[in-house]
Amino acid sequence: MPPFVVRFRSNVPSLTPDFLTLYADYELADVNGFADFHVEIRYVPNLKRLFDPEIRFYFDGTPSFSVLPAQQSFPTLEWGLNWCVAAHSHHYLVVHAAVLERNGFSLIMPAPPGSGKSTLCAALMMNGWRLMSDELTLYDRNTGHIYGHPRPVSLKNRSIDVISSAFPDSVMTTPVMTESKGMVALLKPPESAVLSAALPAKPRWLVLPKYEQGTEARFERQGSARTFALIAEQSFNYDLLGLDGFNAVGSLVDQCICAKFTYSNLDEAMSLFQNIEAHLHEVVSVTP
Amino acid sequence: MLLLEVLRKPQHISSLSLREWDLLIRQARSADLLGRLWREVELSGQVEGVPEAPKRHLMAAKFLVERQHDAVRREIGYIDEAMRAAGLRAILLKGAAYVATGKALATGRTFSDVDILVESDDLAAAESALSIYGWQPVKQSAYDEAYYREWMHEIPPLVHVKRNTTLDLHHAILPVTARIKVNTQGLREGNALVDGCTNLYVLQDADMLLHSATHLFHEGELAHGLRDLHDLHLMFGEFGALPSFWDHLLIRARYLGLMTPLLYAVRYSRRKFHTPFPLGFLGQLESDSGQGSILMDFCYDRALLPKHASCEQFGSGLARVMVYLRSHWLKMPLGLLLYHLSVKSLARLRAKEDKAATA
């Protein structure tokens, strides 16, 4: 998963089919090379292993706090990899946001859970946008470029049905029930997105999506001060980077057209995003 | 162990293979020494020689450490304010003292908390002054609370309600019940006021080193053992640049009653980091305090290494248990020790049962 190399081990065989399907297009790294993260999903060695096995995520031998049912192995691996990137990539400003690319420009969608960010991201990825990440946007404050590291898109609850009926060809894991997020299924990223994972993009559109039942899809311009506050809040290392973090959020926001996007129907949403640039210039109402 | 070889001879960093870098970064991360590794890279002028991928991890560690230092400097300001308001004086210990005095060894040093020392008569006043400024005690079990209050040299950790920073308030450098008797009053000699502060001081260099050594070799769980030993290694180098330091260090160690911790600091700093010492100093130290023992070497050679799969060797687990027991043995008389350990293991058992019952 460029720009990262992961060494992954597991003794949980039920993980294999999902892993092989969803990571089929990724390049194998040199065994004698450098790996950024050494991770493992392992059975918890207790009696429950015989009838109701539990698993745990390990980061280079250090166990995570949570012990989970073995059915959740794959979502746990994904969660763990996100943590690895978010907790160790301070050479970037790491923002909790989906990011996609078109013609060299990136669309960044920060959003708290439940805003329909992943659904929108999945639909855009099926409609010609290149998936860079559905969770973590990496902003290189020296070059001003956005990096992604495309990985399976995590769909929750209703969006699982929405995406699988809108895109019957899409490949995803069997949904599993989790305590924290409800039903979760992971959607395979397109091969083209994986193969061009290392390509950066210029920041261009910063859109805060919101799913609102029954509403007509629309953009509303948003002021840069408000967007700054949102990005700062949604970033994992804003405070840690200190002045660098402040400047990074500032320069990121300055390079983007900022807007809110409200939608209920995916087709409508897709047609608006098709001409995003034109639509964003049409709407003039700016809230500070 | 690769990390130790690199810290001893940083000049070879740029000739490492990617596979070696892979191991080095992991060992350094698990020992909390990534920031220090970056320091060695910079000091030896080899930034260009580090491949991109590991360099990103070192840079990330550098950012993290630099922000921690900013945070520690801010905390120092706030603590000084609280002490000033109450008209008390306090001494910064360990990491916070290295940063406050701008010592070279501070570079790359990671932090988890700030430690300060006050007169035992001032303890209640200091605690209440800090509480007014937002540092509140973390809730402890009734036993732990009583244990800290009655036997320990510090009160339970204080956490700031808004900034979530941890502060350890000490009134001595070892528990009241400890086997070695420390001349705590002696530590007040030669304190220096921290730059920009009115009520915060640091120990004189020799005492700073002796305190860090005492702390490390009374610690039961060496989660940061190698990092703390590396602090000592760097202090020997930095303070020892002044030739008169070595005689003074021996005088202070004898005067404060801290010859044994000094002996161990020297012994394990040499064993792990090949720290150079003047021969005369080593001779005097050995004629005073002996050489250490095979048993101690067995324990500390292993327990000082980070808990990483690549550092485990025959007896590592046993060595950690022995260090844990030794630390308690040093801190309290046998009767109290047996009582304390049995209460602790009962509490652990009970917690396990509760967990099993709720699962």
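Which residues does B:Ala125 touch, not counting residues up to four places away in sequence? They are B:Ala86 and B:Leu88, where contact means that the C-beta atoms, placed from the backbone, lie within 7 Å.

Before going on, what we have here is a predicted model, in which local features need pLDDT of at least 70, side-chain atom pairs count only at pLDDT 80 or more, and totals for chains, interfaces and linings use all residues. Residues are numbered from 1 along each chain as its sequence is written, with chains lettered from A and ligands numbered from 1 in the order in which they are written.

On confidence, the model scores ipTM 0.88 and pTM 0.89. Chain B averages a pLDDT of 90, and 97% of the residues score at least 70; pLDDT is the predictor's confidence in each residue, from 0 to 100. Within chain B, confidence is lowest in helix 15 (residues 334–358), at a mean of 70, and highest in strand 7, at 97. Helices (H or I, at least four residues) and strands (E, at least two) are DSSP runs, numbered from the N terminus.

Back to B:Ala125, which is found in helix 6 (residues 123–132) of chain B. B:Ala125 is partly exposed, because 15 other C-beta atoms lie within 10 Å. For that term, 20 or more such atoms within 10 Å make a residue buried, 12 or fewer exposed, and anything in between partly exposed, with C-beta atoms placed from the backbone.

Next, strand 1 (residues 90–93) of chain B. B:Ala90 and B:Leu92 point one way, B:Ile91 and B:Leu93 the other way, and all are buried. In a regular strand the side chains alternate between the two faces of the sheet. Strand 1 of chain B runs parallel to strand 7 (residues 200–202) of chain B, joined by three bridges; pairing requires that DSSP finds at least two. In this pair B:Leu92 stands opposite B:Val202. Three bridges also join strand 1 to strand 2 (residues 114–117) of chain B, running antiparallel, and there B:Leu93 stands opposite B:Asp115.

Now chain A. The buried residues of helix 8 (residues 266–274) of chain A are A:Leu266, A:Ala269 and A:Phe273. They lie on the same side of the helix, because they cover an arc of only 60 degrees around the axis, taken from the directions from the helix axis to the C-beta atoms. These residues pack against elements of chain A including helix 3 (117–126) and strand 15 (257–263).

Finally, the contact between the chains takes 15 residues from chain A and 19 residues from chain B.

Technical notes
Contact = placed C-beta atoms within 7 Å.
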